[in-house]
There are 2 protein chains.
Amino acid sequence: MTHPSAPRKRPGGRTARTGQAVHEAVRALLAERGQGGFTGRDVAERAGVHEATIYRRWGSLDTLLLDVAVTVSKLNEDSPLPDTGTLRGDLLAWAGAMAADLDRPEGLGLLRSVLAVRASDADRSGQVTDFVYARAALIQRVLDRARERGEPVPELTTLLERLVAPLYFRAIFTYRQLDEGLPELVDNALAAAVRE
Amino acid sequence: MTHPSAPRKRPGGRTARTGQAVHEAVRALLAERGQGGFTGRDVAERAGVHEATIYRRWGSLDTLLLDVAVTVSKLNEDSPLPDTGTLRGDLLAWAGAMAADLDRPEGLGLLRSVLAVRASDADRSGQVTDFVYARAALIQRVLDRARERGEPVPELTTLLERLVAPLYFRAIFTYRQLDEGLPELVDNALAAAVRE
């Protein structure tokens with residue numbers, strides 16, 4: 001018998017398979033229709049599960065979207081980092097990948113899911129933190145590697161505010177191309193670099 | 001008889017009074033409970049209108065919140081600008097006011113309402129553009145005034161990405177105080193200034 005509060009502790013079980021099918025359905029629907037273009041029922045049909053299963057496990061479509069966003073963000077954390085030999089090259093590659101990701105309906109939809117989280121919802125605020133920490137952990141490794149090579153590096157928060165924040169801002173307010181002037185963004189982040 | 005598609009053309013009429021009462025109720029509830037802490041029924045009770053009136057006019061609570069956000073943004077457009085005599089002083093005052101605004105439940109709730117807009121919803125995408133254009137128009141006047149004084153000024157988009165984007169990022173991801181290091185943000189925006 002499985003304890004009802006611990007279904008996620010069985011990674012090979014039916015709960016895990018359902019979770020994976022539902023996540024894949026969300027990503028496919030985001031890619032095809034964008035955020036707001038599908039319902040919980042559409043996800044259930046695509047994943048081949050009962051709609052009630054989705055609401056029992058996630059509570060709402062918004063919570064499911066946030067769960068997918070955090071999971072994708074953590075998966076990216078394990079993906080190979082750009083390794084060009086210089087911090088500038090690594091940051092340019094990373095910014096280019098992020099701009100391309102935010103230019104796709106799936107990437108933009110996941111960002112919007114995170115941004116939409118209600119401030120008053122403490123559980124979900126924690127997930128927003130997870131989302132940005134996963135990205136921050138990735139870029140921290142790029143910074144650590146540069147520091148080991150003896151390169152001057154900016155602080156993590158400065159880098160996030162000079163490189164990630166503008167890309168999110170462009171993705172949301174769509175006043176210019178996402179990948180416009182990426183070298184200028186990177187150079188501005190590097191202008192805050194100090195040798196440690 | 002009022003034409004059903006043109007109720008907003010009578011600014012002194014009952015429709016306008018209802019709209020104002022509903023907007024004031026939303027702002028009060030945002031300030032007291034934050035976004036997500038109240039329903040359309042709460043707004044109706046506070047404003048002294050029927051709940052059905054709200055859904056007939058705005059369709060959903062999300063759309064109402066977005067309408068309030070755009071209206072507040074446009075009202076701010078008409079408010080007096082900081083006038084300290086230097087661009088740096090004006091931008092510091094403006095950034096300080098924006099940080100204080102985003103630190104209040106009402107300001108943060110309105111930003112989240114805008115950020116949550118579904119990409120697939122064309123009507124509401126237009127409102128998101130209105131929201132950021134109202135803020136951009138305000139800061140453009142600060143830049144114009146500095147240019148007339150002969151000061152070097154950054155481009156508007158650079159200023160938005162170096163000053164507004166980081167503040168929004170802090171408000172959403174809450175990893176540091178909103179008003180931390182505002183002079184550094186302003187100086188970084190000014191580093192891109194050119195004399196025209």
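Let me begin with A:Val43: leaving aside neighbours within four places in sequence, A:Val43 is in contact (heavy atoms within 4.5 Å) with A:Val22, A:Ala25, A:Val26, A:Leu29, A:Phe38, A:Ile54, A:Leu61 and A:Leu64. This is a predicted model, in which local features need pLDDT of at least 70 and side-chain atom pairs count only at pLDDT 80 or more, whereas totals for chains, interfaces and linings use all residues. Residues are numbered from 1 along each chain as written, chains are lettered from A in the order written, and side-chain values use heavy atoms, without hydrogens and water.

I turn now to the relation between the chains. A rotation of 180° with 0.0 Å of shift along its axis superposes chain A on chain B, with an RMSD of 0.0 Å, by least squares on the C-alpha atoms of residues with pLDDT of at least 70 in both. The two copies are therefore related as by a two-fold rotation axis. Of the residues of chain A, A:Ala116 comes closest to that axis, with its C-alpha at 2.2 Å.

Next, the interface. A:Glu161, A:Phe169 and A:Phe173 supply 23% of what chain A buries against chain B, more than any other three residues.

A:Glu161 also forms a salt bridge (Lys or Arg side-chain nitrogen within 4 Å of an Asp or Glu carboxyl oxygen) with B:Arg176, where the closest N and O atoms are 3.0 Å apart.

Note on methods: Buried area is the accessible area (1.4 Å probe) that two parts lose on being put together, summed over both.
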